[in-house]
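Colleague: I am new to this structure. Please take me closely through the part where the chains meet, and then through what lies behind it.

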2 protein chains.
Amino acid sequence: MNIYKAEKLREFLQDVFVHCGMQQADAMTASNVLVAADLRGIDSHGVARLSGYIRLWESGRVNMKPKWKVVYETTSTVTIDADQGLGLTLGQEAMKLAIKKAKDCGTGWVAVKNSNHFGIAACHSMLALEHDMIGISMTNASPLVAPTHSIERMLGTNPMCFAIPAKKYNAIVVDLATAAAANGKLEIAQREGKPIPHGWVQTKDGQPSTNPHELKNEGSLLPLGSDRDHGSHKGYGLGAVVDIFSAILSGANYGPWVPPFVSFLPVLPDSPGAGIGHFFGAMRVDAFRPIADYYENIDRWIERFKAAKPEPGFERVIIPGEPESEMETERLVTGIPLNELVEKDLISLGEKFGIAW
Amino acid sequence: MNIYKAEKLREFLQDVFVHCGMQQADAMTASNVLVAADLRGIDSHGVARLSGYIRLWESGRVNMKPKWKVVYETTSTVTIDADQGLGLTLGQEAMKLAIKKAKDCGTGWVAVKNSNHFGIAACHSMLALEHDMIGISMTNASPLVAPTHSIERMLGTNPMCFAIPAKKYNAIVVDLATAAAANGKLEIAQREGKPIPHGWVQTKDGQPSTNPHELKNEGSLLPLGSDRDHGSHKGYGLGAVVDIFSAILSGANYGPWVPPFVSFLPVLPDSPGAGIGHFFGAMRVDAFRPIADYYENIDRWIERFKAAKPEPGFERVIIPGEPESEMETERLVTGIPLNELVEKDLISLGEKFGIAW
């Protein structure tokens, strides 16, 4: 594995996006969002996805020069048509609008339709933090997850993220796919040739499976909770909420109609909406109580949870988002290790477009 | 098991609440909320809890005549001090305020401090439905759940509920405790003398257990996801979000300081806030798109999910909230079966207060 500085990867990505017709400023934003995933250790959602986005553009499913616009608005809400742009950039724009609304009236809520995948959810909701706001982001995604007692892929891994500002400590960032395990974890097991735990996937007939390749056999991911006894109806319910907030409020596609991320899969006919959908929220913490009281108590929350009795063999309890922010601090210094396949993929993309690696 | 009409139970509860000093209107509200839980089949949160509330009042921890007031406000937000009142009534008041805000500016958000347990979350968020709004409700609760890799009870079962209006069909109601299994399920296993599945509780040393009495041995409930491999950090993260939204925004107690529901357990010293906390939201669906478009698509969502391929042996896929609304329809006609212990408890409460059963 070779290791690259974030800056170097960002520059390369920017050149690629610009080559594909993106404005310089948008290309910077999109590159930042992808590299932020690698910095935070979510390698599956980082630069590894670049060629996927490019293939979507080549097949005419992404507009690199979107003229996104506000199509609906109230005092605290906005709906955006993303004009088939990349969620990577549109997510940032939408979150900024949510923040603007929150400045004016305490909270702001933005639904987005006609978009594409937006990278890691945290990268958008965390924009709220420097404004002393809680940031919320979610998106629907291509169907891979079967509802409880179903064998049909009906929902994406539909992540939701809550970014909660603190003062003495790093922000709390709860960023979770509503499936038991995200696809990235299956890919790791595939590369290592290892079985996966029971409860992550099922076969196409609804049987238990530990095969990391089960999705290729028409199997499906299971919702958070894995089975009915352990609350899979809750993971299914949360995935449904993300789908509905992201797509039914905005006018995007939902359920099995969400367009696939991979360009070789066709878009289903009779689609009820436009593109994929996201949903964002921003809440000023001082819309609820004086700001100093808020920060004093959120810091005390973090201190108390850090001090919770750990399970034998563990040093201490983790605050949500802590591993990712520690990884970011580390990788900003040491650089980002790239998997050999990802590296090769990026190099060949560079060669194709005449962009130096 | 004897069976009672909802109306008869409501009247009895009302008399008890009035006997304890509640205003007639509040007593009606509190009784409605408790009986609604039984109607929806959530027997653990219904009339079975009456004597628990009364014991809290007897030990001076509940104010039956609260003078709740708005202590903080912006265009889209409100913070309420519940004056130690019952969450059963205050939850309804708070939700009404959220609805009022949403009428004015698209969405409304209400944080509540200094409250007590509010019954089933669905009963509050569902108030939004008749206003063509999505309703959101959550509350923190007495600590029973250990974070991932911890052996200390730090969070309540902290439920969150999303009520989503539909036109041709019943509303979608996603109402979930953020623990793998709520305490009520342990109580059923206790009554039946049966072991519980792995992944619901752990011993006080963090060992796996199938003992439904494990909480009495200082064990703890596990977060939704059960263990790290199956995403317990996600359940822990969601429970943390509920705790922070409900208590850090409002000024209530959080984490291990949340006052216990049972009156025989002491309140911890150095508590950082007042009472327990709730959080409510209301979003006008026509704050995001024309109302007819919304309803057309949410109905289509429900139809498509009802038609998803079921697992062999199952008739069809369940829409979140469907079993509860079917139960309600049934029990409104056939009545509510009361467990013998619950019945005895209510009868003796009636005798004590001179209220006819």
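Modeller: Two salt bridges run between chain B and chain A. A salt bridge here is a side-chain nitrogen of Lys or Arg within 4 Å of a carboxyl oxygen of Asp or Glu. Glu152(B) forms one with Arg304(A), and their closest N and O atoms are 2.6 Å apart. In general, side chains of opposite charge can pair when their charged atoms come close.

A word on the basis. This is a predicted model, in which local features need pLDDT of at least 70, side-chain atom pairs count only at pLDDT 80 or more, and totals for chains, interfaces and linings use all residues. Residues are numbered from 1 along each chain as its sequence is written, chains are lettered from A and ligands numbered from 1 in the order in which they are written, and side-chain values use heavy atoms, with hydrogens and water left out.

Between chain B and chain A, 39 residue pairs are in polar contact, both at pLDDT 80 or more. Such a contact is a pair of N or O atoms within 3.5 Å; within protein, one must be able to donate a hydrogen and the other to accept it, and residues adjacent in sequence count only if both atoms are side-chain atoms. On the side of chain B that touches chain A, helix 7 (residues 232–248) of chain B gives the largest share, eleven residues. Helices (H or I, at least four residues) and strands (E, at least two) are DSSP runs, numbered from the N terminus. That side of chain B divides into 56 nonpolar, 20 polar and 16 charged residues. Ala, Val, Leu, Ile, Met, Phe, Trp, Tyr, Cys and Pro count as nonpolar, Asp, Glu, Lys and Arg as charged, and the others, Gly among them, as polar.

Now the extent. In contact (heavy atoms within 4.5 Å) are 92 residues of chain B with 92 residues of chain A. The area buried between the two chains is about 7600 Å², and carbon and sulfur atoms give 66% of it. That area is the accessible area (1.4 Å probe) that two parts lose on being put together, summed over both. His149(B), Lys234(B) and Phe288(B) supply 10% of what chain B buries against chain A, more than any other three residues.

Next, the symmetry. A rotation of 180° with 0.0 Å of shift along its axis superposes chain B on chain A, with an RMSD of 0.0 Å. In chain B, the C-alpha nearest the axis belongs to Gly225(B), 2.4 Å from it. The same surface serves both copies: 100% of the contact residues of chain B recur in chain A.

Over all chains, the count is 22. In chain B, Glu303(B) pairs with Lys168(B), with the closest N and O atoms 3.0 Å apart. This pair links distant parts of the chain: Glu303(B) sits in helix 8 (residues 291–306), Lys168(B) in the loop between strand 6 (160–164) and strand 7 (172–176), 135 residues apart. Glu303(B) is partly exposed at 31% relative accessible area, and Lys168(B) is exposed at 59%. Buried means under 20% relative accessible area, exposed over 50%, partly exposed in between (1.4 Å probe, protein chains only).

In chain A, Glu322(A) forms a salt bridge with Lys306(A), at 3.4 Å between the closest N and O atoms. Glu322(A) lies in helix 9 (residues 322–334) and Lys306(A) in helix 8 (residues 291–306), so the pair ties together parts 16 residues apart in sequence. Glu322(A) is buried at 11%; Lys306(A) is partly exposed at 26%. Arg316(A) joins these two in a network of salt bridges.

Last, a buried polar residue. Asn140(A) sits in the loop between strand 5 (133–139) and strand 6 (160–164) of chain A. Asn140(A) counts as buried, at 1% relative accessibility. Its side chain makes a polar contact of 3.0 Å with the side chain of Asp243(A). A polar atom of the Asn140(A) side chain also lies 3.1 Å from the backbone nitrogen of Gly277(A).

Definitions and conventions: Least-squares fit on C-alpha atoms with pLDDT ≥ 70 in both.
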